[in-house]
Structures are given as structure tokens and as C-alpha cells.
Amino acid sequence: MRRSQSSLISDGAYLLLFIFSFVAIVYMAGDPDRYMYNIIFLNAAFLIAIITYFTNVTAGLILNILFIFGYGTFTLYRTVVEGAAVSAQNYVWLVLTPLLTLITWMITMANKRLQEDNERLRQLNQSLATVDEHTDLKNNLSFQKDATVFMALSQRYKMPLTLLIVSVKYWDEIKRMISRDQMTQTIYTVSQLSQTSIRTNDSLYMLNADNPTWGMLLFTDREGANVVVDRLRQRARELNETEGGSRFKVELILKIGAVEYSPEETPTPLEFIVQARKQLEYDV
């Protein structure tokens, strides 16, 4: 509803701006004797509108008060000194200038609301998104949901479940040595390497995209997980020895931690991750 109101205000403000421009053109064309005065007042009106757009409506109101005071002084001077008659034309810019400021404020307010709505929707989309945008892997939110189901299945059917946490050693130093594109390519390559190292019924997740950390839920015990660990290390070594290593200009060394699910020690998905990260710290 708010978004519709903002769009309506914005559309109405732009329509009023067109009407204002039309009225100003017709008025100035119909009074060629005061052409220079009208040009000056029109420029002043647009200057106040521009300042209002980039500041706030309070600044616009203050400038309009100063304009009205200055315009009134100018009109009084022409009346007293030059003997000019006061007519309806003397009041036109007293109406048009505040009107242009009001239109500008409406545009600014509508744009600000639309930007706020856009930012709110972007943050909401990030919080609800279940896939990492760079690797197309399931993210932390998906892990929380899947792990809850897998842990319940493991406990009910007595199936072993192991969580593997994988990260790149010396990542903070590596990202200073390579470009952003190479960094993205490195993350994607490690993701593909991890994906091809597990079975189709196992799940791979991107738990942290800023400091790349992958999670793997494996339906196997700790000894079976060691097979996956050895496979990952072997493929990382092969990658470093082939053209991939030279392409990244760094040697990719994986840190891997693994912990088997236990209802007593890892009752929740978050605790599951915490225990696996502790094992990751021992892999030096």
C-alpha cells in the first residue's frame, strides 16, 4: 500500500512539474516587456527547487521566505521610485516559486520512500534467500532447515550423519594477492571441487560467503567422512599442480573439520556447526 502511495505521489509531482513548466512558458511568452525580469525570477525559482531537492523542505521554505522578502522589496522599489503600477502580474512569482518548491519536495519525498522500500525489500530478499548468488549453493538458512530434518532422520532411523566444514587456509592473505574476479572464480572452483567429492544424496552448503566456508552434510559416520576428506585434499593438490593453480597464482590449501551428529552433544544445527568449527581449528 505504501509503495502504491509513493508511486502515486511521484507521478502526481511529475505531472505538476509539467503543468508548472507549461504555465511558466505561457506566462513569459505573453509578457515580452518583462521578459528579463521573468527569466531572473524563473532561474531563482529553479535554484531554490534544486537546493530543496538536495537538502530538505526546511531549507526550501527558508529560501522561499527570503525570495518573497526580496521580491516584495523589488516591487516596492519599482512602485515608489519608478512609479510602476501594482498589478496581478506582480503576484505571479509569489505563487509559482513556492509551488515549484512544493513540487520538488513531493518528488524528493516520493523518491526517498521508494528507495526505503527498495532497501527494505532487498534486505528481506537476502534474509529469505536460500541460495548463494555467486555459487548457486544452498546458504546458511537452507542448512538450518535441512539439518533439522536430517538430524531427526538420523536419530529416528539410527543413520550416522556427519558435518564437514571446509575453508581455504590463509584466505585473508590470498584475497589481497588476487583480483575480485579471481577471488570469485576461486570460490566457484572450490565449490565445484567440493560438489564432485560427495554423493548425490549428500548436501553442500555455502555457510559464509565473505570468508568462504562450505558445509557438507554426509549420511555416513566419522570414518566414512575421512574418505571424503582425503578425496577433497587429493583434488586440491591436483588443482594446484595443474593449470588451475597457475591461474589463481596462489596455492589453495583446504582446512577441513568434521564432527558426527550426536543428539546429546549437537542437539541443534547451530551447535552442529560450532562443534565442526572447533574441529576445523585443529586442522593446521
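A residue counts as buried at under 20% relative accessible area, as exposed at over 50%, and as partly exposed in between, using a 1.4 Å probe and protein chains only. This is a predicted model, in which local features need pLDDT of at least 70 and side-chain atom pairs count only at pLDDT 80 or more, while totals for chains, interfaces and linings use all residues. Residues are numbered from 1 along each chain as its sequence is written, and side-chain values use heavy atoms, with hydrogens and water left out.

**View 1. The whole protein.** Of the 284 residues in the protein, 38% are buried. The secondary structure comes to ten helices and four strands. Helices (H or I, at least four residues) and strands (E, at least two) are DSSP runs, numbered from the N terminus. Along the sequence the pattern reads α-α-α-α-α-β-α-α-β-β-α-α-β-α.

**View 2. A nonpolar patch on the surface.** The patch is formed by Leu15, Leu16, Ile19, Phe22, Val23 and Val26, which together have about 540 Å² of accessible area. Accessible areas come from the Shrake-Rupley method with a 1.4 Å probe, and for residues only the protein chains shown count as cover. Patches are made of residues with over 30% relative accessible area and no salt bridge; like charges are joined within 9 Å, and nonpolar side chains (Val, Leu, Ile, Met, Phe, Trp, Tyr) within 5 Å. Leucine 16 lies in helix α1 (residues 2-29). Its relative accessible area is 33%, so leucine 16 is partly exposed.

**View 3. Salt bridges.** A salt bridge is a side-chain nitrogen of Lys or Arg within 4 Å of a carboxyl oxygen of Asp or Glu. By this rule there are two salt bridges. One joins the side chains of arginine 120 and aspartate 117, at 3.8 Å from N to O. Both residues lie in helix α4 (residues 92-128), three residues apart, which is about one turn of the helix. Arginine 120 is partly exposed, with a relative accessible area of 47%, whereas aspartate 117 counts as buried at 1%. Lysine 138 forms a salt bridge with aspartate 146, where the closest N and O atoms are 3.3 Å apart. Lysine 138 is partly exposed, at 36% relative accessibility.

**View 4. Helices α7 and α8.** The axes of α7 (residues 180-195) and α8 (residues 222-241) come within 10 Å and cross at roughly 140°. That angle makes α7 oblique to α8. Axes are lines fitted to C-alpha atoms, for helices over the stretch in contact, and angles run from 0 to 180 degrees between N-to-C directions. Angles under 35 degrees count as roughly parallel, over 145 as roughly antiparallel, 65 to 115 as roughly perpendicular, and the rest as oblique. The crossing of α7 and α8 is right-handed. A crossing is right-handed if the near helix is turned clockwise from the far one by less than a right angle, and left-handed if anticlockwise.

**View 5. Positive phi values in two loops.** Most residues other than glycine have a negative phi. Lysine 158 has a positive phi, near 55°. Lysine 158 sits in the loop between α5 (140-157) and β1 (162-168), and counts as exposed at 71% relative accessibility. Tyrosine 170, also not a glycine, has a positive phi of about 60°. The loop that holds tyrosine 170 runs between β1 and α6 (171-177).

**View 6. Threonine 268 and glutamine 144.** Threonine 268 is placed in the loop between β4 (254-260) and α10 (269-282). With a relative accessible area of 36%, threonine 268 is partly exposed. Threonine 268 and glutamine 144 are 124 residues apart in sequence, and their C-alpha atoms are 8.8 Å apart in space.
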